[in-house]
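Okay, quick one from me today.

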Amino acid sequence: MSTPRSVVLERLTYTLAAPVLVCAPNLAPDGITNSAVLVAGAAGAFGTIRAAKGFEGTGRKMMRWSPLVTAMAVDLAALATPGWGWDALVAAGWAAAGCAVTPLSRTTRRRNRPALGHTPAPRALPAPTEAAPVDDGADAYTRGVRQLWERAENPGASRVVHVVPHPGTEHDLTMLVRAIEPGRPIERLNVDKVAAAFGVPVSDVRLSPVKQQPGRQGGPGWLEVHVTPDANQRRMAAPTPEERWIDRVGRPGGGAPGSRLVSRRRDPERGVTFYECAMADSVELPRVDLAKVCRGLDIKYDDACTFLMVEGHKFLISIFDRPPLSRSFPATRELLTPDAKGMFVCGMSFAGQPVKSMIWQHDKNAAAHGLILGVSRSGKTQYFAISMAAASLGGGVIWLATVRRDEKTDVLGEFIDRRGSNALYMLRMLRAAKALCEIRANMPWEFDGKPHDYKPGDPRCPYSLLLVYADEFMMACNDAVYGREIQTLGDDLTVTGLKYGIGFFVAGQSPFAHNGFSTEMKDNLKQNGRPIIFKMGSGPATRKAAEGCMENVYDVPTIPARYAGSEGSALQRVMTGEADPEDGVSTGGVAIIVLDNGRAVLMRALYADFDAGDLHELFPDEINRLTPHEIQDLEARDLWGDWNRPDEDLEDLANDLDEYEEDRPKRGRGKGKGKGDRNGRREDVATTAGDALALVRTFDRQ
């Protein structure tokens, strides 16, 4: 039997290298030959270390590097020992060991067969620990998949247990695999190896853990493999709504990452499509970008037609064909009549649901406050009309004060108790309301002759609900003469008025404190009523108005100036020089109401037609008034009568200032100091009550 050529060449190399290992370190330790031996040995040592840190073929790789490492050891021994005797003996032993083992040629032959001439006698191999089943009753499909798996040399040291083909497909399947060695986990099995075994793209493979079931184990020793090339091809060409949602919306970076589509419903009568969705993890809160959701679903995005509602880990997206809030909803007496809890319908939501506000708080035995915010012509006075009508239908007395007179407030004055239009009127109204708190606190009830707090709906209560409306309250608070007292009285009324059946309804254009609102006043208005926020003009102002009512004010939508649906392509109109279509609808009357649970609902307030003269159909036939006892006490305090009369106090103050100016000693002034003529006389003249008050403050500083 002949010896392989590789073995002969390796043995010849060892025989010729032995004399070199003896002579090189002894004759020329710093020579090129000895340096080459040391460099080769260092390379062998580095390769041995790399092989020791590996996970596969460690022993075989270390054996390949052993001739170089041992040669370096022989060379270093020759450098360290004097003479030639021991050096020759060690080099001869190194050559003999290499010829006997032949590590290079031994490790390069397939299956590590020993060199010819050294083949040991054949002996019986030990039985494997777990023999592969010859026939376990598997069907032909499973056996065919097993052949593909074995052809790939059982990736991850796993074995195919069972295969289930997907009905209606040619190549899709679900495969159950387990580790070859019982009690061991499946290691190093990834989608790349599975895809290579079946010849499909990596995107068509998915691995999932196996749960323990009766009669079958689970855990890391088992794995479920899904190979779905046909389903993925169909999913790309014609995905279902659920698949499209997962691939384009629910994916990371999508419009609603981590979400899934529960159902999709179309209501043709209302012209709306509902997308009911939920987070895959019920602990997560939805993070929804409506614009990205519409782009992912290839739906035309319009903020006037698309609405979002969030409830816990679920959310609903409503996409209308036309802006649902562009049409008006007429007010009727049936809608405005309050129920036993003081609730009345104030508007309709975008989904066509009735939205309710309150004029008293039945659960708190108190009146209700109101906060109505919005820019000019946004619908505040319209809301005043339906709110006053509801309060009147509920038996309430209505007072209204505005800073400036207008047509609508004049019309409302015909159906309510009192109405006026200037800052002085608002001041006197608030003075009377504050005094009325003290009067009602001492009014005895007939059934026991003792005073009690207000109880809505109680027929024994000796006085009626009183709602005080202040339009453009912030502008009145900025009045130079009466503003400070108006703000102080407003703060006091919001705190003390509720338990005496007096509600304060404030309207304005700004929610900021420097425009008349104190923090205490805003908190009382928001917590004892349902804030109504009309068009504020900007997102920050809208969020500021809702602050304190909601957990996350960034959920509040911003109402645009007009509802204008986009027609055609704006890019094409730019290129052709065409004008954009002007088909916008006013958003006047569209408001955001914050409900008791802190949820902001977009609605359109009920419409009361001032021009048609139909307000008498909304208000009761008789105007509700204060009791004679209340009016008598207010007259005794000089707080009733005509609230539009001139302010006598300021006129007397102006006369006193004139007398003070005449009797005041004149003082000379230097040139350029102060305001006066050459004789030092002041030129300030109090022509109005405001000028008089300003002069008083100037004299006080002097």
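Let me start with the second largest pocket, where the lining residues divide into 7 nonpolar, 10 polar and 11 charged. For those classes, Ala, Val, Leu, Ile, Met, Phe, Trp, Tyr, Cys and Pro are nonpolar, Asp, Glu, Lys and Arg are charged, and the others, Gly among them, are polar.

Before I go on: this is a predicted model, with local features needing pLDDT of at least 70 and side-chain atom pairs counting only at pLDDT 80 or more, while totals for chains, interfaces and linings use all residues. Residues are numbered from 1 along each chain as its sequence is written, and side-chain values use heavy atoms, leaving out hydrogens and water.

A pocket here is an open set of points on a 1 Å grid over the protein atoms alone, where a 1.4 Å probe fits, with protein on both sides within 12 Å along at least five of seven lines; lining residues have an atom within 4 Å of a point.

So, who sits nearest the centre of this second one? Arg377, Gly379, Lys380, Thr381 and Lys408, out of 28 lining residues. α12 (380-393) gives the most to that lining, with 3 residues. Helices are DSSP runs of H or I, at least four residues, strands are E, at least two, and both are numbered from the N terminus.

Now the largest pocket: 42 residues line it, with Leu308, Val310, Asp555, Val556 and Pro557 nearest its centre. Its lining splits into 24 nonpolar, 8 polar and 10 charged. β7 (306-311) gives the most, 6 residues.
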